[in-house]
Amino acid sequence: MLEIRDLRKDYGKICALDGLNLTLQPGEILGLVGPNGAGKTTLLKILAGLLRSESGKILIEGKDMARTPSKLREHIGYVPDFFGVYDNLRVEEYMEFYCNANGIYGLLARQKGQELLERVDLLEKKEQPVDSLSRGMKQRLCVARALVSEPAYLVLDEPASGMDPSIRAELKEILQGLSEQGTGVLISSHMLTDLSQYSTSVGLIRKGRIILQGSLEEVILRMSGDRPIVMTV
Ligand code: ATP
């Protein structure tokens with residue numbers, strides 16, 4: 001289990017995470033929903049080992065990794081909201097590059113790259129330049145890239161935003177496949193409607209804190225009567 005306890009992050013005088021608590025079980029697909037500035041990207045970047053928190057714990061199977069970003073990167077794959085990809089590489093070269101960066105070389109890197117491309121349904125695009133891929137395909141490539149280290153958990157920053165329904169459906173299938181194999185998935189969005197397709201549970205984030213975490217049904221029920229902080233379902 002991934003357990004975040006009392007996580008705090010400040011940017012100068014701005015408090016982005018204010019004692020955030022959240023749990024993610026293996027196989028769970030947890031939607032992280034909150035408005036602009038709620039702290040979603042900050043949380044995901046900390047989990048990805050790209051930012052350091054001021055204080056708090058990130059426990060993976062009981063071990064605190066909040067102070068060791070390299071350990072976080074071993075256990076948590078990250079799909080950013082911006083797909084900054086090396087456009088001059090072919091898709092298979094791109095995957096090999098990431099395999100090499102994770103200490104996998106030669107034939108093993110080629111095999112691993114192809115296996116992951118197959119998993120995200122991009123194998124037939126392996127000869128194409130990354131640049132020529134559609135936005136949805138680039139996103140799937142980023143999922144494949146994040147899986148190179150075989151992380152137990154995968155975090156995705158707003159994967160649904162601006163995507164058309166067919167692309168969302170493809171991503172949903174991939175994430176459900178990962179979930180069935182035991183990967184815990186955390187996906188952020190502004191809108192509950194974006195995540196109702198994907199997630200088995202939801203955490204509402206507001207001003208750097210989780211104000212509600214539960215099943216989609218529980219959260220919708222408990223939200224009614226509250227002032228809406230996300231779009232209605
Ligand atoms: P959005 O949905 O708009 O991306 P978010 O929920 O991802 O928002 P964050 O980007 O994590 O929220 O921002 C949380 C708070 O931290 C906001 O008040 C934001 O202005 C602030 N913040 C984020 N990054 C920085 C930074 N590099 N320097 C200063 N303040 C920052």
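Visitor: Which residue forms a salt bridge with E93?
Guide: The partner of E93 is R90, and their closest N and O atoms are 3.4 Å apart. A salt bridge here is a side-chain nitrogen of Lys or Arg within 4 Å of a carboxyl oxygen of Asp or Glu. This is a predicted model, in which local features need pLDDT of at least 70 and side-chain atom pairs count only at pLDDT 80 or more, while totals for chains, interfaces and linings use all residues. Residues are numbered from 1 along each chain as its sequence is written, and side-chain values use heavy atoms, with hydrogens and water left out.

Visitor: And is E93 buried, exposed or something in between?
Guide: E93 is partly exposed, because its relative accessible area is 33%. Buried means under 20% relative accessible area, exposed means over 50%, and partly exposed lies in between (1.4 Å probe, protein chains only). R90 is also partly exposed, at 28%.

Visitor: Which residues do salt bridges with shared partners join into one network?
Guide: That network consists of R8, D10, D18 and R209.

Visitor: How far apart are the closest N and O atoms of D18 and R8?
Guide: The distance is 3.1 Å, and the two residues form a salt bridge. This pair links distant parts of the chain, with D18 in strand β2 (residues 14–24) and R8 in strand β1 (residues 2–11), 10 residues apart. Strands (E, at least two residues) and helices (H or I, at least four) are DSSP runs, numbered from the N terminus. D18 counts as partly exposed at 24% relative accessibility, and R8 does at 30%.

Visitor: What about K71, where does it lie?
Guide: K71 is in helix α2 (residues 69–75) together with E74, 3 residues apart, or about one turn of the helix. The two form a salt bridge whose closest N and O atoms are 4.0 Å apart. K71 is partly exposed at 39% relative accessibility, as is E74 at 44%.

Visitor: Which residues form the negative surface patch?
Guide: E115, E118, D121, E124 and E173 form it. Patch residues have over 30% relative accessible area and no salt bridge; like charges are joined within 9 Å, and nonpolar side chains (Val, Leu, Ile, Met, Phe, Trp, Tyr) within 5 Å. One member, E173, lies in helix α6 (residues 165–180) and is exposed at 62% relative accessibility.

Visitor: Where is D121 found?
Guide: D121 sits in the loop between α4 (106–119) and α5 (135–146), and counts as exposed at 58% relative accessibility. Its phi is positive, near 60 degrees, although D121 is not a glycine. Most residues other than glycine have a negative phi.

Visitor: What is the phi of E158?
Guide: E158 has a positive phi of about 45 degrees and is likewise not a glycine. E158 is placed in the loop between β7 (153–156) and α6, and counts as buried at 15% relative accessibility.

Definitions and conventions
Areas by Shrake-Rupley, 256 points an atom, 1.4 Å probe, with all protein chains shown as cover. Lys, Arg positive; Asp, Glu negative; His and termini not counted. Charge placed at Lys NZ, Arg CZ, Asp CG, Glu CD.
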